[in-house]
Amino acid sequence: MTTEMPTIMGTDLRTPQAAEAADAARRQSGEPSGLRPRPAPEGMKRLFVKTWGCQMNVYDSGRMADVLAPLGYAPAETAEGADMVILNTCHIREKAAEKLFSELGRLRAAKQAKEAAGGRMVLAVAGCVAQAEGAEITARAPYVDIVLGPQGYHRLPEMVARATRAAGAVIETDFPAEQKFDHLPEASAPQGPIAFLTIQEGCDKFCSFCVVPYTRGAEYSRPAAAVIAEARRLVAQGAREIALLGQNVNAWHGEGTDGATWNLARLLHALAEIPDLARLRYTTSHPRDMDEALIAAHGAIPQLMPFLHLPVQSGSDRVLRAMNRGHTADAFRRIADRLRAARADLALSSDFIAGHPGETAQDHAATLKLIEEIGFAQAFSFKYSPRPGTPAATAPLQVPEAEKDRRLHEIQSLLRDQQERFNRSREGIRCDILVTGLGRHPGQVAARSPWLQPVHAEAPAALIGQVVACEITEAHPNSLAARILGGAAGDHPREEKAAA
Ligand code: 5AD
Ligand code: SF4
């Protein structure tokens with residue numbers, strides 16, 4: 001498959017319920033996702049949030065809605081007629097700014113219509129594009145009322161108040177992350193059986209190709225006590241699985257509840273003590289931060305699911321050096337071996353970039369070799385695309401587009417085969433699944449396997465929110481079918497092949 005947009009294969013942590021397929025299609029097309037809408041109660045103001053990008057942005061959109069709820073804003077289904085519209089942007093993908101400006105063009109008409117009818121629509125641009133291109137936004141779209149970076153969300157109520165008075169736009173893009181987390185209210189809207197919890201933000205690693213260090217700022221870890229309190233709240237609201245989020249989540253090193261500095265392994269052990277929290281995951285990690293304690297945690301914490309997204313980007317040491325990744329291909333191989341030694345059924349996912357500047361045919365062959373050797377359960381692969389302001393954008397030896405397309409195609413067909421093989425290898429296996437919601441067909445439920453695959457099974461809706469034992473009956477390219485086994489999870493030996 002050759003495409004201008006980075007192409008995404010398989011499933012990821014972004015979709016808690018049965019909407020995986022729709023969401024994957026949305027992400028393939030670069031379409032944004034809306035906040036789960038609920039009808040606005042009588043007399044409330046209507047808030048529409050449109051979200052592009054990663055799960056951290058989805059989380060942030062939820063928190064912005066939380067922060068605005070006390071001001072009387074309730075989620076709306078469409079931007080038309082809304083009292084406030086927030087576009088929560090992502091800069092990591094190509095053409096982020098163009099997509100934003102075309103969306104703004106559409107919203108301008110909706111805003112004018114509302115104003116012609118005597119109303120008011122506050123228009124806000126948030127997220128990484130706001131951070132990086134605040135001045136450009138206010139120059140090109142002067143009808144935007146608020147521009148705020150990812151660290152300014154706790155200031156939204158004040159900014160909304162100022163915007164409703166101000167003539168020009170209110171711009172806030174320079175707050176440290178500590179303030180954001182200290183000042184955001186407790187999350188209010190239940191997220192469902194699978195919940196997301198941001199524990200870390202930002203990145204100091206400066207990979208040659210990446211905008212995150214410039215848009216999300218320096219690494220910041222939330223204190224353990226705040227994370228544990230939020231996790232307990234999520235569980236009380238019905239979460240059975242929590243995915244810890246961070247751009248560099250395994251670099252988390254926060255203040256522990258004992259005053260000492262904890263690492264992620266220590267935090268995971270503490271979270272595993274929360275009753276009724278059946279499953280834990282964390283994403284996205286960097287190979288450089290996979291320390292011994294974290295690898296050992298995969299063997300020691302049963303709640304930690306046997307699936308890890310660990311981007312490697314390339315299998316060539318030369319390219320990894322040019323990317324400033326700080327690890328070699330062999331270092332990645334050793335981490336994979338140690339993880340599998342700690343937990344035999346651990347499956348790996350990764351990110352790959354095809355055609356980074358300077359990448360030769362030999363380097364590309366080394367990436368294919370690494371993929372062959374490791375064997376991934378799923379992965380995301382992207383054609384290198386220059387991001388202004390990053391070192392790789394102006395590096396010599398840019399790879400021609402057609403060659404990048406060819407290499408991406410090779411990487412993707414290998415990864416697609418591996419994903420299908422991995423899914424087929426689950427057929428006949430008995431494992432626990434978390435039932436997350438209703439399935440697409442009547443009488444079906446949607447669930448998650450330990451390896452993050454969407455699963456569907458015939459079962460009553462009463463099972464939603466429960467971890468139940470099942471036997472995988474059939475594998476599809478992007479999902480599994482299962483038969484629910486009677487009894488509680490744990491009654492059946494895990495991963496046992498069913499009798500033929
Ligand atoms: N070009 C292509 N892919 C990129 N990614 C980040 N920046 C770029 C870029 N400039 C990919 C990396 C990263 C994932 C989130 O997006 O693989 O791990
Ligand atoms: Fe970007 Fe590299 Fe930081 Fe990941 S580790 S967010 S790819 S700079």
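Me: Helices here are DSSP runs of H or I with at least four residues and strands are E runs with at least two, both numbered from the N terminus; at what angle do helix 13 and helix 14 pack?

Reply: This is a predicted model, in which local features need pLDDT of at least 70 and side-chain atom pairs count only at pLDDT 80 or more, while totals for chains, interfaces and linings use all residues, and side-chain values use heavy atoms, leaving out hydrogens and water. Residues are numbered from 1 along each chain as its sequence is written, with chains lettered from A and ligands numbered from 1 in the order in which they are written. Helix 13 (residues 361–374) and helix 14 (residues 401–425) pack at about 5° with their axes 10 Å apart, where axes are lines fitted to C-alpha atoms over the stretch in contact and angles run from 0 to 180 degrees between N-to-C directions. Helix 13 is therefore roughly parallel to helix 14, a label for angles under 35 degrees, with over 145 being roughly antiparallel, 65 to 115 roughly perpendicular and the rest oblique.

Me: Which residues of helix 13 and helix 14 make the contact?

Reply: Helix 13 brings Ala361, His364, Thr367, Leu368, Ile371 and Glu372, and helix 14 brings Arg407, Glu410, Ile411, Leu414, Leu415 and Gln418, contact meaning heavy atoms within 4.5 Å. By class there are six nonpolar, three polar and three charged residues, with Ala, Val, Leu, Ile, Met, Phe, Trp, Tyr, Cys and Pro counted as nonpolar, Asp, Glu, Lys and Arg as charged, and the others, Gly among them, as polar.

Me: And helix 3 with helix 4, what's the angle there?

Reply: Helix 3 (residues 96–116) and helix 4 (residues 128–140) pack at about 45°, with axes 11 Å apart, which means that helix 3 is oblique to helix 4. Their contact is made by Ala96, Ala97, Leu100, Phe101 and Leu104 of helix 3 with Val129, Glu133, Glu136, Ile137 and Arg140 of helix 4, and by class it has seven nonpolar, no polar and three charged residues.

Me: Switching to the ligands, what is around ligand 1?

Reply: The residues near ligand 1, meaning those with a heavy atom within 4 Å of it, are Ile92, Arg93, Phe209, Gln313, Asp351, Ile353, Phe382, Lys383, Tyr384, Ser385 and Arg387.

Me: How far is the polar side-chain atom of Asp351 from an oxygen atom of ligand 1?

Reply: That distance is 2.6 Å for Asp351, while a polar side-chain atom of Gln313 lies 2.7 Å from an oxygen atom of ligand 1. From Phe209, a backbone N or O atom lies 3.0 Å from a nitrogen atom of ligand 1.

Me: What about the shell of ligand 2, which residues are in it?

Reply: Ligand 2 is surrounded by Cys203, Lys205, Phe206, Cys207, Phe209, Cys210, Val212, Pro213, Asn248, His286 and Arg325, a shell that divides into seven nonpolar, two polar and two charged residues.

Terms used: A polar contact is a pair of N or O atoms within 3.5 Å; within protein, one must be able to donate a hydrogen and the other to accept it, and residues adjacent in sequence count only if both atoms are side-chain atoms.
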